[in-house]
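Student: I have a new model open on my screen and would enjoy talking it through with you. Could we take it one question at a time?

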Amino acid sequence: MSDDIIPQLPKAPLSRRAAAFSIDAGVVWFLCAIISNNWFTFTLFFVVLWIAIRVLMVYKNQGQSIGHFALDMKVLDTRYQRTPGILELSKREGILALAGSLAMLGMSNLTSGNAAVLLLIMPLFLDFTVALVDIERYQQAFHDRISQTIVVGTMRGYSVDIKLRWLLDEAKRYMRK
């Protein structure tokens, strides 16, 4: 009787997913800022490096990118609950690459007289808003729905968030003494 129960995969919170996205975007942004000198080459290099890190690396690394490995998460195919194929990952990350490159371009060019570039963040914001209003268990964002993937927690990773929380708790304890 108890053998009929299918175990649920651990849900990855949106805050950790956003942090993993930020880690990956920061790495790609840093590399693009070194290589490029105008907006076109920045966008081109951003998309190419994003696909390399978030498609090829995820495909070869059991569903984990740099940010997902740092925060103990991985991407799974919803149908077979295994690492998605290249096509699913390409659909998923193609949407994120365009939205992410626009957001990074907007944040890079933000000045006091040019606040309109913040509108470039809107595609990324709308993509993640879908996950905020989703009432299903895994809160799929727009790119996850299109590619039929989910992000779940895993035991394989570095647990940066847990280690940082521990360091902050130790610092607070030290400050009280």
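This is a predicted model: local features need pLDDT of at least 70, side-chain atom pairs count only at pLDDT 80 or more; totals for chains, interfaces and linings use all residues.

Student: Thanks! Which helix holds Ser22, and is Ser22 buried, partly exposed or exposed?

Tutor: Ser22 is placed in helix H1.

Student: What distance separates the C-alpha atoms of Ser22 and Gly67?

Tutor: Along the chain, Ser22 and Gly67 are 45 residues apart.

Student: Why does Ile34 count as exposed?

Tutor: Ile34 also sits in helix H1. The exposed class begins over 50%. Ile34 is exposed because its relative accessible area is 57%.

Student: Which helix gives the largest share of the nonpolar surface patch?

Tutor: The patch is formed by Trp29, Phe30, Leu31, Ile34, Ile35 and Phe45, with about 560 Å² of accessible area together. Its largest share is 5 residues, and they come from helix H1.

Student: How many nonpolar, polar and charged residues line the largest cavity?

Tutor: The structure has 1 cavity of 30 Å³ or more, and the largest cavity holds about 70 Å³ of space. Its lining includes Arg17, Phe21, His68 and Arg92, while H1 and helix H4 each supply at least two lining residues. By class, the lining residues are 4 nonpolar, 2 polar and 3 charged.

Notes:
Residues are numbered from 1 along each chain as its sequence is written. Side-chain values use heavy atoms; hydrogens and water are left out. Patches are made of residues with over 30% relative accessible area and no salt bridge: like charges are joined within 9 Å, nonpolar side chains (Val, Leu, Ile, Met, Phe, Trp, Tyr) within 5 Å. Accessible areas come from the Shrake-Rupley method with a 1.4 Å probe; for residues, only the protein chains shown count as cover. A salt bridge is a side-chain nitrogen of Lys or Arg within 4 Å of a carboxyl oxygen of Asp or Glu. Helices (H or I, at least four residues) and strands (E, at least two) are DSSP runs, numbered from the N terminus. Buried means under 20% relative accessible area, exposed over 50%, partly exposed in between (1.4 Å probe, protein chains only). On a 1 Å grid over the protein atoms alone, a cavity is a set of points where a 1.4 Å probe fits but cannot get out, and a pocket is an open set with protein on both sides within 12 Å along at least five of seven lines; lining residues have an atom within 4 Å of a point. Grid points are joined across faces, edges and corners, and a volume is the space filled by probe spheres set on the points. Ala, Val, Leu, Ile, Met, Phe, Trp, Tyr, Cys and Pro count as nonpolar, Asp, Glu, Lys and Arg as charged, and the others, Gly among them, as polar.
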